Each structure stands twice: as structure tokens, then as C-alpha cells.
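These are my notes from looking through a structure that is new to me. I wrote each entry as I looked something up.

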Amino acid sequence: MLFTDFVLVETARILTNPAYTGGNSGAASADRGDEADGIAVEDPTAAHIVASLGNLNLNNIIDTEDQGYFTIDLGFAQAVNYLFVWERGQNSRLGLQALDAQNNPIGQFLELFSGDFASAGFSIDTTEIAGPQPVGSRGIRVSEFGITDPITGIRVSAQPHYNGPDFKVVGASEGVPEPTTMLGLALAGAGLVYSRRRRLVQP
């Protein structure tokens with residue numbers, strides 16, 4: 001499949017996210033590339049979460065402390081059949097649960113392990129780290145939740161033993177069939193990377 005129209009996060013509802021009190025405290029924060037447009041907020045509101053995820057800039061991510069935990073509901077601008085997830089570091093887990101229109105969990109809970117992410121072919125450096133780290137990517141069909149209908153939202157979560165996922169997620173509806181192959185997420189990711197960044201390393 002070739003995806004050309006991505007569906008962005010439009011709403012967020014923070015269910016759990018311990019407050020930042022300095023140092024490595026707190027959990028999920030809004031972060032951006034060192035010289036990229038965007039926000040860097042240690043103790044984000046729902047609006048900050050949307051600001052980081054509701055765009056096509058892969059330098060805008062949610063950064064989680066290593067022992068942090070959170071549960072956040074994300075709503076898309078329209079129903080989606082596919083999810084695309086990027087994880088900076090390729091060393092963490094991330095929990096995903098599909099939501100119905102009333103924000104009720106539906107289908108199976110997916111726990112994405114670090115080994116589930118293929119190399120996206122680039123690295124990013126954000127304000128909370130000292131240097132660039134490789135990014136992994138993962139595509140998910142709605143059917144992997146055990147459901148058949150498109151979804152309007154997902155619940156993203158992490159537990160303290162997940163090692164602090166640093167992630168970006170967007171959705172898509174139907175793609176354009178390719179005659180011979182499905183394009184990898186590395187290509188999709190490269191198409192989404194915003195031009196203003198300093199340390200995004202291409203292989």
C-alpha cells in the first residue's frame with residue numbers, strides 16, 4: 001500500500017500521567033527536535049499532547065521517562081483503518097488499545113515490544129536527550145485488534161517496566177494498492193520528516 005493521506009491526532013484525554021517535579025520525574029512529556037518547530041513541555045496538558053502528535057513533524061514526539069507510566073486516549077480527525085507508530089530509541093514497549101466513538105476500549109490490547117519496530121532509517125535528537133537516537137517504525141492494521149470496523153481513537157499506555165517509550169502515532173484510511181509490494185514505513189517516515197531539523201541523521 002502507498003499511503004498519501006494521513007489522519008492526525010485531534011483530541012487527547014490524559015487518564016494517568018504523574019506530574020513532573022524536577023529531574024527525571026514525571027512520565028510522558030511533549031518534546032521536539034533541538035532546532036525544530038514545536039513545543040517542549042515536561043508536564044503536558046491534553047492540548048500539548050495534541051500539539052506534539054497532531055502534525056506531520058516526526059521531530060515532535062511524546063517522550064517518556066525510563067520508569068514513567070501513563071494512559072492517554074487519543075482521538076483522530078476521522079476514522080482510520082491503519083496506524084503508524086514510530087518509537088525513538090527502539091528500546092521500549094508501548095501499549096495500544098482501540099477505542100469506540102464513546103472512548104470505550106474495544107478489541108484486543110496490543111503490547112508492542114522493541115523488537116516489533118523495524119528501523120525507519122533515520123535518527124532524531126530532541127531537547128531531552130544529548131544526542132540522536134535511531135527511530136523504529138511499525139504499521140498496524142485495525143484487524144490486529146481483532147475488530148473489522150475503522151476506529152476513531154486509541155488508548156496509548158506505558159508501565160514502569162516499558163522503559164519509557166518515546167513515540168509518534170498517526171492514522172490512515174485506505175491506501176492506494178501497489179502492484180508488487182507494500183512500501184515500508186521507512187519510506188512513509190521519510191516523507192513525513194519536516195525539513196527544519198539539525199540532527200536528524202539519514203543513513
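I began with the hairpin of E7 and E8, where 5 residues lie between the strands and Asn103 takes a positive phi near 65 degrees. I was working from a predicted model, and I keep that in mind for every entry here.

Next I asked how many residues of strand E7 (residues 94–99) are buried. The count came to 6 of its 6 residues, so I noted the strand as mostly covered, taking buried to mean under 20% relative accessible area. Both faces of E7 are covered, with Leu94, Leu96 and Ala98 buried on one side and Gly95, Gln97 and Leu99 buried on the other.

I then followed E7 to E11, to which 5 bridges join it in the antiparallel sense, and there I noted that Val156 in E11 is the bridge partner of Leu96. Strand E11 (residues 151–158) also pairs with strand E5 (residues 70–80), again antiparallel, over 7 bridges, and Leu74 stands opposite Ile154 in E11.

Putting the strands in order, I wrote down an open sheet of 5 strands, E2-E5-E11-E7-E8, with antiparallel pairing. Which strands stand at the edges? They are E2 (9–16) and E8 (105–112), and each has a single partner strand, so one side of each is left without a neighbour in the sheet. From one strand to the next the twist averages 20 degrees. I also looked up helix H1 (residues 46–53), which packs on the sheet and touches E2 and E5, its direction making about 135 degrees with that of E2.

Phe6 and Phe84 form an edge-to-face pair, with 5.7 Å centre to centre and 75 degrees between the planes. Phe6 lies in strand E1 (residues 6–7) and Phe84 in strand E6 (residues 82–88), so this pair ties together parts that are 78 residues apart in sequence. Phe84 counts as buried because its relative accessibility is 6%, under the 20% cut-off.

For Phe70 and Phe167 I noted ring centres 5.9 Å apart and planes at 20 degrees, so the pair is stacked. This pair also links distant parts of the chain, as Phe70 is in strand E5 and Phe167 in strand E12 (residues 167–172), 97 residues apart. Phe70 is buried, with a relative accessible area of 0%, and Phe167 is buried too, at 1%.

Technical notes: Residues are numbered from 1 along each chain as its sequence is written. This is a predicted model: local features need pLDDT of at least 70, side-chain atom pairs count only at pLDDT 80 or more; totals for chains, interfaces and linings use all residues. Side-chain values use heavy atoms; hydrogens and water are left out. Two strands pair if DSSP finds at least two bridges between them. Helices (H or I, at least four residues) and strands (E, at least two) are DSSP runs, numbered from the N terminus. Axes are lines fitted to C-alpha atoms, for helices over the stretch in contact, and angles run from 0 to 180 degrees between N-to-C directions. Contact means heavy atoms within 4.5 Å. Rings of Phe, Tyr and Trp (its six-membered ring) pair if their centres lie within 6.5 Å; planes under 30 degrees apart count as stacked, over 60 as edge-to-face and the rest as tilted. Buried means under 20% relative accessible area, exposed over 50%, partly exposed in between (1.4 Å probe, protein chains only).
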